[in-house]
Every structure is written in structure tokens, then in C-alpha cells.
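Thanks for coming, everyone. I would like to walk you through the side-chain contacts in this model and then finish with a piece of its strand pairing.

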Amino acid sequence: MDYAQQLAFFANILEQKRLVTALEGNASVIDRQTGLTYVTPSGQMKLLLEKEDICVMNAAGEQIGGRGRRSSEYLLHEAVYRARPDVNAVVHCHCPYLTAYAIRYEDFVVPENCSLHAVFQRFVCLPYGKNGTHDIHRGIDKALEHSPICLLGGHGVVCAAASMERCIGLLEAAEGFAKTLFLASHH
């Protein structure tokens with residue numbers, strides 16, 4: 001499966017799982033051999049994406065392929081790939097329970113007695129940065145040093161992993177646990 005095909009496939013799954021919507025959220029994968037980054041296009045339903053829709057970006061940040069216009073959050077993805085050479089996939093989303101922490105500018109701390117604590121301890125919440133600018137990812141290198149997920153203050157969530165499959169699994173587990181914590185604290 002080529003990179004564009006792979007990203008279209010996983011973007012569909014991201015929307016099926018309600019981690020992204022037609023208007024919000026974006027995903028990318030990088031080919032470390034060629035330096036090309038494949039990113040979802042702006043403002044399109046992820047459920048309907050085909051490989052021809054996926055935007056192809058070269059190492060200079062120029063779009064060299066794809067039917068759509070690259071996501072405005074491309075700079076965020078680029079910053080994660082620079083900070084984490086071990087990462088090949090990034091998802092930025094606004095899943096409600098984790099995003100609630102971001103909107104409150106709170107780190108998300110996983111209790112030590114929770115089984116997920118082996119995978120996650122803390123998701124750092126970065127200060128607010130305007131989306132589509134370099135401000136949004138200021139501090140992301142430190143925030144992702146010891147965690148695959150960080151929160152963007154007042155905005156949303158970023159997950160970085162070796163593969164898109166792993167990214168989706170981590171996000172789904174983290175969002176599910178954030179939902180459980182919310183339910184536990186309101187009953």
C-alpha cells in the first residue's frame with residue numbers, strides 16, 4: 001500500500017471512530033526515505049478521501065501532489081516530525097473529552113492505579129497558539145518527549161507514533177479513558 005493510499009484508508013477509520021470530523025482534525029504520514037509528507041486535505045470528509053485527494057508535501061514544505069489544498073495545520077505536523085525522528089504518523093484532532101482539558105489549559109494526568117498508566121502518565125497542555133501558524137506548536141518538542149500525546153491549549157490534541165495504526169489506537173484509548181474519568185467525576 002502506498003503512503004497516500006494508506007493515509008486515505010486510516011483517515012476514513014479516524015472519522016468512523018469519531019476522532020475527526022469533516023471540518024476538524026487532520027492526519028499525516030511521512031516517508032523518511034524520500035522526506036515526503038502525506039497530509040489530509042483541508043475541509044473534506046475523511047470518510048470519502050481517496051488516495052488522489054491526499055496532499056503530498058516535499059521537504060521544502062511545497063505541495064507537489066494531491067487534489068485538495070493541504071491542511072492549514074501542516075506546520076504542526078512538520079514540527080512533530082522534526083522533534084521526533086522516531087515518529088512516522090501524526091493525528092491532530094478535537095476529540096471532546098481530551099479537548100476539554102485543552103480548553104481548560106490543564107495537563108491530563110493518568111492516575112497511577114489505572115492500567116493505562118503503563119502507556120500514559122501525563123499529557124502536557126501547551127499554551128495557546130494561533131492555528132495554522134508556528135505559534136501552535138511552540139514547546140511541542142518537550143511536550144512529546146515522554147508521551148505520544150499532548151494537548152494544544154484552547155484548541156485540541158496531537159498524537160504522534162511510529163505508525164498511523166498505533167496513533168489511532170493511542171488516541172482511542174486516551175479519549176476513552178478521559179471519558180471514563182469524566183463520568184466517574186460526575187456520578
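Predicted model: local features only at pLDDT ≥ 70, side-chain atom pairs only at ≥ 80, totals over all residues.

**Charged pairs, ring pairs and a hairpin**

Let me begin with Lys142, which is exposed at a relative accessible area of 58%, where exposed stands for over 50% relative accessible area, buried for under 20% and partly exposed for what lies in between, computed with a 1.4 Å probe on protein chains only. Residues are numbered from 1 along each chain as its sequence is written, and side-chain values use heavy atoms, with hydrogens and water left out.

Lys142 has a salt-bridge partner in Glu145, at 3.5 Å from N to O, the term being used for a side-chain nitrogen of Lys or Arg within 4 Å of a carboxyl oxygen of Asp or Glu. Glu145 is partly exposed, with a relative accessible area of 44%. Over the whole structure, the search returns ten salt bridges.

Another of these joins the side chains of Glu172 and Lys17, with 3.0 Å between N and O. That pair links distant parts of the chain, 155 residues apart, since Glu172 is in helix H5 (residues 164-185) and Lys17 is in the loop between helix H1 (3-16) and strand E1 (26-31); helices (H or I, at least four residues) and strands (E, at least two) are DSSP runs, numbered from the N terminus. Glu172 counts as partly exposed at 38% relative accessibility, and Lys17 is partly exposed at 37%.

What does Glu50 form with Arg67? The two form a salt bridge, and their closest N and O atoms are 3.0 Å apart. Glu50 lies in the loop between strand E2 (36-39) and strand E3 (55-57), and Arg67 in the loop between strand E4 (63-65) and helix H2 (74-83), so the pair ties together parts that are 17 residues apart in sequence. Glu50 is partly exposed at 43%, while Arg67 is exposed at 52%.

Turning to the rings, the search of the whole structure gives seven aromatic pairs, a pair being rings of Phe, Tyr or Trp (its six-membered ring) whose centres lie within 6.5 Å, called stacked if the planes are under 30 degrees apart, edge-to-face if over 60 and tilted for the rest. Phe9 and Phe10 have ring centres 5.1 Å apart and planes at 75°, which is why the pair is edge-to-face. Phe9 is partly exposed at 44% relative accessibility, whereas Phe10 is buried at 12%. Phe108 and Phe123, by contrast, are stacked, at 5.3 Å centre to centre with 15° between the planes, and both residues are buried. Ring pairs also link Tyr101, Phe108, Phe120, Phe123 and Phe177 into a cluster.

Finally, the strands, where pairing requires that DSSP finds at least two bridges between them. Strand E9 (residues 149-152) is covered on both faces, with Ile149 and Leu151 buried on one side and Cys150 and Leu152 buried on the other. E9 pairs with strand E8 (residues 125-126) in the parallel sense over two bridges, and with strand E10 (residues 156-161) in the antiparallel sense over four bridges. Within these pairings, Cys125 has Leu151 in E9 as its bridge partner, and Cys150 has Val158 in E10. E9 and E10 form a hairpin with three residues between them, and Gly154 in the turn has a positive phi of about 70°.
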